[in-house]
Amino acid sequence: MADHYNYYELKHFAGIVADAMGIALPESYAPTIGWLSEILRGRLGGTADRAVLYHADAVGMHIWQKYTPLFAPVYAHTSLAVPFLSTVESVTPVAHASMYTGLDPAEHGIQTYVRPQLTCDTLFDVWLREGRRVAIVAQKDSTFLHIFAGRDLEYYECENAVAVQEKSLELIGTDRYDAISIHTFDYDNAAHAYGPESKEALNAVSLEAEGFHRLAEALEKTRGAHRTLLTYSPDHGQHPVMGGRGAHGSKQTEDMNILHFFAAI
Ligand SMILES: [Zn+2]
């Protein structure tokens, strides 16, 4: 069977989120996807006043294809699943920079695994200009804490994925933010160490999906008081390499093809 690349590039992510919140992005940025925005706005019943963006690192589309039941906790709360194509290189800072700037790697400048603080306009800067209250909740040494550093938002650095989930639940419970970006990489760590389809790695997919489920439940409790866009949005996948380990960064479909889920709560 031939391999195929997914149709939509990751750089549309910022536009999709901004449009769902009724915010315009700079014209140089990749636009939203019209039909997707229409569906999201319809399900939101207008524009979202809150966005919670969950980034489970390195969960490739082939994991969803081969282990679909692991995503049941994500399906429980989302109504749309859209395939996306990661960046070249398919590594965390390149992909997340494109997701949050709407730009190609050559335009935002991060083209390989380096983590400088981005100086170009990011979705975080757009939110802040709009007066939105913004937080990043991420695992220790997350790429988010490097490339999106230096903004007037709140950064929460947590020891592990469970601590990230607990902190995110607390912030949702106290209703302190209009936009929360959450980054965990337990799957990425386990897949690198033991292989993308190892027991350890698949357990991490479940742990992260379960965390997403808990976030969604917390958001659903305030349904009516808010219109919330919730997404499950990985950055790239992983492929197996010699020695039972995993890697990414290549143009292989295992690294490039990912699946994003969207919920209107
Ligand atoms: Zn990554």
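This is a predicted model: local features need pLDDT of at least 70, side-chain atom pairs count only at pLDDT 80 or more; totals for chains, interfaces and linings use all residues.

Q: Why is Ala-58 called buried?
A: A residue is buried if 20 or more other C-beta atoms, placed from the backbone, lie within 10 Å of its own, exposed if 12 or fewer, and partly exposed in between. Ala-58 has 32 such atoms within 10 Å, and therefore it is buried.

Q: Why does Asp-175 count as exposed?
A: Asp-175 has 12 C-beta neighbours inside 10 Å, so it counts as exposed. Asp-175 lies in the loop between α9 and β6, and its phi is positive, about 55°, although it is not a glycine.

Q: Why is Val-241 described as partly exposed?
A: Val-241 has 14 other C-beta atoms within 10 Å, and therefore it is partly exposed. Val-241 belongs to strand β8 (residues 239-241).

Q: What does Val-241 touch, not counting residues up to four places away in sequence?
A: Contact requires C-beta atoms, placed from the backbone, to lie within 7 Å. With that exclusion, Val-241 touches Gly-246 and Ala-247. In C-alpha terms, Val-241 and Pro-196 are 9.3 Å apart in space and 45 residues apart in sequence.

Q: What makes the peptide bond from Val-88 to Glu-89 cis?
A: Its omega is near 0°, and the bond is cis. Glu-89 sits in the loop between β3 (80-85) and α5 (92-101).

Q: How do you know that strand β6 is mostly covered?
A: Six of the six residues of β6 (residues 179-184) are buried. Ala-179, Ser-181 and His-183 point one way from the strand, while Ile-180, Ile-182 and Thr-184 point the other way, and all are buried.

Q: What makes β2 and β4 partners of β6?
A: Two strands pair if DSSP finds at least two bridges between them. Strand β2 (residues 50-56) is joined to β6 by six bridges and runs parallel to it, with Val-52 opposite Ile-180. Strand β4 (residues 134-139) pairs with β6 over five bridges, also in the parallel sense, and His-183 is the bridge partner of Ala-138.

Q: In what order do the eight strands form the open sheet?
A: The order is β1-β3-β10-β7-β2-β6-β4-β5, and the pairing is mixed.

Q: Why are β1 and β5 said to stand at the edges?
A: Each of β1 (8-9) and β5 (154-158) has a single partner strand, so one side of each is left without a neighbour in the sheet. The partner β4 is joined to β5 by five parallel bridges, and Ile-136 stands opposite Tyr-155.

Q: Which residues have the most contacts inside the largest nonpolar core?
A: Such a core is a set of buried Ala, Val, Leu, Ile, Met, Phe, Trp, Tyr and Cys residues joined through C-beta atoms within 7 Å. The largest has 78 residues, and Val-17, Tyr-187 and Leu-229 have the most contacts inside it. Helix α11 (residues 199-220) supplies the largest share of this core, nine residues. Leaving aside residues up to four places away in sequence, Val-17 touches Ala-51, Leu-53, Leu-123 and Leu-229.

Q: Which residues of α10 are buried, and what covers them?
A: The buried residues of α10 (residues 186-194) are Asp-186, Tyr-187, Asp-188, Ala-190 and Ala-191. Their cover includes β2, α9, β6, α11 and β9 (245-247).

How values were computed
Residues are numbered from 1 along each chain as its sequence is written. Helices (H or I, at least four residues) and strands (E, at least two) are DSSP runs, numbered from the N terminus. Two residues are in contact if their C-beta atoms, placed from the backbone, lie within 7 Å.
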